Structure formats: structure tokens, C-alpha cells
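The points are numbered and can be read beside the sequence and the model.

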Amino acid sequence: MKPIDAMESVFSELYERHIDTVYRVCYAMMGNRPDAEDAAQSVFVKLMRSNPVFLDVEHEKAWLITAARNHCRDEHRRWWRKKVVKLDPGMPNAQETGRLPQDDMMDCMRRLPPGHRLLLYLYYYEGYKLPEIAKMLGMNINTVKTRMRDARKRLKRELEDDFHEQEKVARGIRRDGAG
């Protein structure tokens with residue numbers, strides 16, 4: 001086997017191992033499918049170019065999550081991003097038939113700032129503990145705790161607002177149907 005073939009094989013295995021996580025982190029930060037796909041692709045291009053040495057699989061994953069976060073942050077800073085209208089209402093793997101209960105949660109998550117979405121995603125979906133998140137993102141543990149608390153509060157507010165809106169709509173439908 002040629003050295004180039006061996007490198008391609010290693011990269012291919014690494015890609016297969018981590019593409020789902022990188023994509024979900026990018027989706028959590030970007031908020032729509034096309035931008036998340038572009039960001040995930042850019043992260044793996046950066047990986048190929050920098051060719052870092054990893055200690056183990058967890059180190060690979062942490063490097064890729066950090067690279068994804070940094071890339072998405074950079075994308076949000078670009079001036080033209082503020083002028084783009086988001087058209088993608090769907091989440092990955094969402095079913096086309098009816099609204100699912102988690103759709104409401106995802107709608108509320110999308111309304112949070114990208115940093116809050118990332119923390120909630122890493123904690124609840126990837127299962128990282130707060131000290132691991134702090135180390136991975138290069139943040140003080142107390143900063144992570146504070147931002148996590150803020151993210152939870154904002155998500156709770158979004159969910160309550162969403163619930164009250166649905167309640168108003170349901171009351172309006174009952175009145176119209178009864179009259």
C-alpha cells in the first residue's frame with residue numbers, strides 16, 4: 001500500500017467516525033442544513049490541511065468539535081451572514097408527517113444564540129460533562145456553568161412563550177368551532 005493510500009484510508013476512517021458529530025455541532029451553531037453541511041466539509045478540509053497528531057479517538061473528537069465551533073463562529077462574524085434570510089425550517093432526520101414533540105424543542109433551540117445551542121448540544125446530546133466542555137472549548141469552568149445556566153433559562157423562556165402561543169391558538173380554534 002502506498003503512503004498516500006494509507007493516509008486516505010486513515011482520513012476516511014476518521015471521517016466516518018466523526019462526521020455525524022461534526023455535522024450536528026455545525027447544525028447547532030449554524031441553524032440550517034446547507035450552512036451546516038458547508039461548515040462540516042470545511043472542518044474536514046482544515047483537518048486534511050493541518051494534519052494534526054491525535055493521542056486517541058477522544059482527542060480527535062475534541063479537536064473536530066473545537067474546529068467546528070471556531071469555523072461556525074467565523075462564519076457568523078462575516079458581514080454578509082447578517083443579510084441572509086434563513087429558508088430551511090427542518091431539522092436533520094425530521095419526519096415529513098405531522099409535527100413531532102421534539103420539533104417544538106428544536107424550534108426553540110434555533111432561536112437561541114449559537115453559543116447557547118452549542119453548550120446545550122454538547123451537554124445533552126453528546127453527553128459531555130461541564131469540565132470536559134470547558135477544556136474542549138478552552139473556557140473557564142465557571143464561565144461554562146454560567147453560560148449553561150443562561151442557556152437553560154433562555155430555552156425555558158422560549159418554550160414557555162411557545163406554549164402560551166399554542167394555547168392562545170387552541171383557545172381561538174375552540175371558540176370558532178363552538179360558535
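Which residue forms a salt bridge with Arg111, and how many Å apart are the closest N and O atoms? The partner is Glu158, and the closest N and O atoms of the two residues are 3.0 Å apart. The points below place this pair in the rest of the chain.

1. The structure is a predicted model. Every position and distance in this note should be read with that in mind.

2. Overall make-up. The protein chain has 7 helices and 0 strands. Read from the N terminus, its elements run α-α-α-α-α-α-α. The chain has 179 residues, of which 36% count as buried.

3. The pair Glu158 and Arg111. Glu158 sits in helix H7, while Arg111 is in the loop between helix H4 (101–110) and H5.

4. Salt bridges in total. How many salt bridges does a search of the whole structure find? The search finds 4 salt bridges.

5. Arg24 forms a salt bridge with Glu126, with the closest N and O atoms 3.1 Å apart. Arg24 lies in helix H1 (residues 3–30) and Glu126 in the loop between helix H5 (114–125) and helix H6 (130–137), so this pair ties together parts that are 102 residues apart in sequence. Is Arg24 buried or partly exposed? Arg24 counts as partly exposed because its relative accessibility is 36%. Glu126, at 16% relative accessibility, counts as buried.

6. The nonpolar core. The largest nonpolar core has 41 residues, and Val22, Cys26, Leu122 and Ile133 are the ones that touch the most other members. At least two residues of this core come from each of H1, helix H2 (33–50), H3, H4, H5, H6 and H7. Which helix gives the most to this core? H1 does, with 10 residues.

7. Contacts across the sequence. Arg24 comes up again here: its C-alpha is 8.8 Å from that of Ala40, and the two are 16 residues apart in sequence. A second pair is Asn70 and Leu137, which are 67 residues apart in sequence and have C-alpha atoms 9.2 Å apart. Asn70 belongs to helix H3. With a relative accessible area of 28%, Asn70 is partly exposed.

8. A backbone angle to check. Asn51 has a phi near 45 degrees, which is a positive value in a residue other than glycine. Most residues other than glycine have a negative phi. Asn51 is placed in the loop between H2 and H3. Its relative accessible area is 54%, so Asn51 is exposed.

9. Which residues form a positive surface patch? Arg149, Lys153, Arg154 and Arg157 form this patch. Arg149 is found in helix H7, which covers residues 141–178. Arg149 is partly exposed, with a relative accessible area of 43%.

Note on methods:
Residues are numbered from 1 along each chain as its sequence is written. This is a predicted model: local features need pLDDT of at least 70, side-chain atom pairs count only at pLDDT 80 or more; totals for chains, interfaces and linings use all residues. Side-chain values use heavy atoms; hydrogens and water are left out. Patches are made of residues with over 30% relative accessible area and no salt bridge: like charges are joined within 9 Å, nonpolar side chains (Val, Leu, Ile, Met, Phe, Trp, Tyr) within 5 Å. Accessible areas come from the Shrake-Rupley method with a 1.4 Å probe; for residues, only the protein chains shown count as cover. A salt bridge is a side-chain nitrogen of Lys or Arg within 4 Å of a carboxyl oxygen of Asp or Glu. Lys and Arg count as positive and Asp and Glu as negative; His and the chain ends are not counted. The place of a charge is taken as NZ of Lys, CZ of Arg, CG of Asp or CD of Glu. Helices (H or I, at least four residues) and strands (E, at least two) are DSSP runs, numbered from the N terminus. Buried means under 20% relative accessible area, exposed over 50%, partly exposed in between (1.4 Å probe, protein chains only). A nonpolar core is a set of buried Ala, Val, Leu, Ile, Met, Phe, Trp, Tyr and Cys residues joined through side-chain atoms within 4.5 Å.
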